[in-house]
Amino acid sequence: MPQLLPLPWFATLLFAWMVFLIFFPKKVTAHTFPYQPSSLKVKKLEMASWSWPWV
C-alpha cells in the first residue's frame with residue numbers, strides 16, 4: 001500500500017512547511033496598514049476605589 005510509505009509523505013509535509021515558514025512571513029509583514037495608531041487620543045480612565053462595607 002503506497003499510503004503507508006512515510007518517505008514521500010514526509011518529504012511533502014517538510015516541503016510544505018518550508019514554504020510556509022519561508023515565504024508567508026514575508027507576505028504577511030509586507031502588508032501596510034491604512035492608519036498609524038497614535039497615543040495622542042488615548043485617555044487614561046480614572047478608577048475609583050471601592051469601599052467595602054463589610055471590611
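**Aromatic pairs and the surface**

Mentor: This is a predicted model, and the structure holds two aromatic pairs. In one of them, Trp-17 and Phe-20 are the partners.

Trainee: How are the planes of Trp-17 and Phe-20 arranged in their aromatic pair?
Mentor: The ring centres of Trp-17 and Phe-20 are 6.0 Å apart, with 80° between the planes. Planes over 60 degrees apart fall in one class, so the pair of Trp-17 and Phe-20 is edge-to-face.

Trainee: What separates Trp-17 and Phe-20 along helix H1?
Mentor: Trp-17 lies in helix H1, which covers residues 6–29. Because Trp-17 and Phe-20 are three residues apart in helix H1, their separation is about one helical turn.

Trainee: Which residues form one aromatic cluster?
Mentor: The pair already described joins Trp-17 to Phe-20. The cluster also takes in Phe-24, and its members are Trp-17, Phe-20 and Phe-24.

Trainee: Is Phe-20 buried, exposed or partly exposed?
Mentor: Buried means under 20% relative accessible area and exposed means over 50%. Phe-20 has 40% relative accessibility, so Phe-20 counts as partly exposed.

Trainee: How much accessible area does the nonpolar patch on the surface have together?
Mentor: The patch includes Trp-17, Phe-20 and Phe-24. Leu-13, Leu-14 and Met-18 are also among its residues. Together, the residues of the patch have about 1100 Å².

Definitions and conventions. Residues are numbered from 1 along each chain as its sequence is written. This is a predicted model: local features need pLDDT of at least 70, side-chain atom pairs count only at pLDDT 80 or more; totals for chains, interfaces and linings use all residues. Side-chain values use heavy atoms; hydrogens and water are left out. Patches are made of residues with over 30% relative accessible area and no salt bridge: like charges are joined within 9 Å, nonpolar side chains (Val, Leu, Ile, Met, Phe, Trp, Tyr) within 5 Å. Accessible areas come from the Shrake-Rupley method with a 1.4 Å probe; for residues, only the protein chains shown count as cover. A salt bridge is a side-chain nitrogen of Lys or Arg within 4 Å of a carboxyl oxygen of Asp or Glu. Helices (H or I, at least four residues) and strands (E, at least two) are DSSP runs, numbered from the N terminus. Rings of Phe, Tyr and Trp (its six-membered ring) pair if their centres lie within 6.5 Å; planes under 30 degrees apart count as stacked, over 60 as edge-to-face and the rest as tilted. Buried means under 20% relative accessible area, exposed over 50%, partly exposed in between (1.4 Å probe, protein chains only).
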